[in-house]
Amino acid sequence: MRKIPHHAQCELIEIPRPEAIIQKQIVDYLRAQNYLVIRLNSLCTKIGSRYVRAYWVFGLTHPSKGAVDLMAFRGNEAPLLIEVKKAKGTRSDVQIEFADYALTKGVSVLCVRSVNEVIEHVEGG
């Protein structure tokens, strides 16, 4: 018979979550906080050899690439532009370009790996 260790002997570890799950957790949290949430990466289709996206960011070198995953709005508060990454994910060059461009317009982009980072931002400032 196999022995199962007592719970005091177990170590809790954080299990990496795919971006889609993290995005859903963030959306659920923000909606519960009365934010209007828009997901930008929800439509992309391939037509022939081209990919067509459902957004266009004016002023960028690649206007249909690099936009954030989520935008959230509440009242007169500054909008939240959120790029979601899994535990070891990194931003692409076009995502960095978008964040830098947004900053020139006075808008910050949050790059987060968990809903907890969004909670800290919303509740902490």
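**Exercises: fold and cavity**

From the N terminus on, the elements run α-β-β-β-β-β-α-β-α. The model is predicted.

**Exercise 1.** How many helices and strands does the protein have?

Solution. 
- Start from the order α-β-β-β-β-β-α-β-α.
- Sort the elements by type: there are three helices and six strands.

**Exercise 2.** Which percentage of the residues is buried, and what share of the accessible surface belongs to carbon and sulfur atoms?

Solution. 
- Take the chain length: the protein has 125 residues.
- Apply the cut-off for buried, under 20% relative accessible area.
- Buried residues then make up 29%.

**Exercise 3.** Take contacts between residues at least 6 apart in sequence. What percentage join residues at least 24 apart?

Solution. 
- Count a contact where heavy atoms lie within 4.5 Å.
- Keep the pairs at least 6 apart in sequence.
- Of these contacts, 64% join residues at least 24 apart.

**Exercise 4.** Find the largest cavity. What is its volume, which residues line it, and which element gives the largest share of the lining?

Solution. 
- Probe for empty space: a probe the size of a water molecule, rolled over the atoms, shows where it is left.
- One cavity of 30 Å³ or more turns up.
- The volume of the largest cavity is about 30 Å³.
- List its lining: G66, V68, E83, R91, Q95, F98, A99 and V109.
- Sort the lining by class: four residues are nonpolar, two polar and two charged.
- Assign the lining to elements: helix α2 (residues 93-104) gives the largest share, three residues.

Conventions:
Residues numbered from 1 in each chain as written. Predicted model: local features only at pLDDT ≥ 70, side-chain atom pairs only at ≥ 80, totals over all residues. Heavy atoms only, no water. Helix = DSSP H or I, 4+ residues; strand = E, 2+ residues; numbered from the N terminus. Buried < 20%, exposed > 50% of the residue type's maximum accessible area, 1.4 Å probe, protein only. 1 Å grid on protein atoms, 1.4 Å probe; cavity = no way out; pocket = protein on both sides within 12 Å on 5 of 7 lines; lining within 4 Å. Points joined across faces, edges and corners; volume = space filled by probe spheres on them. Nonpolar A, V, L, I, M, F, W, Y, C, P; charged D, E, K, R; others polar.
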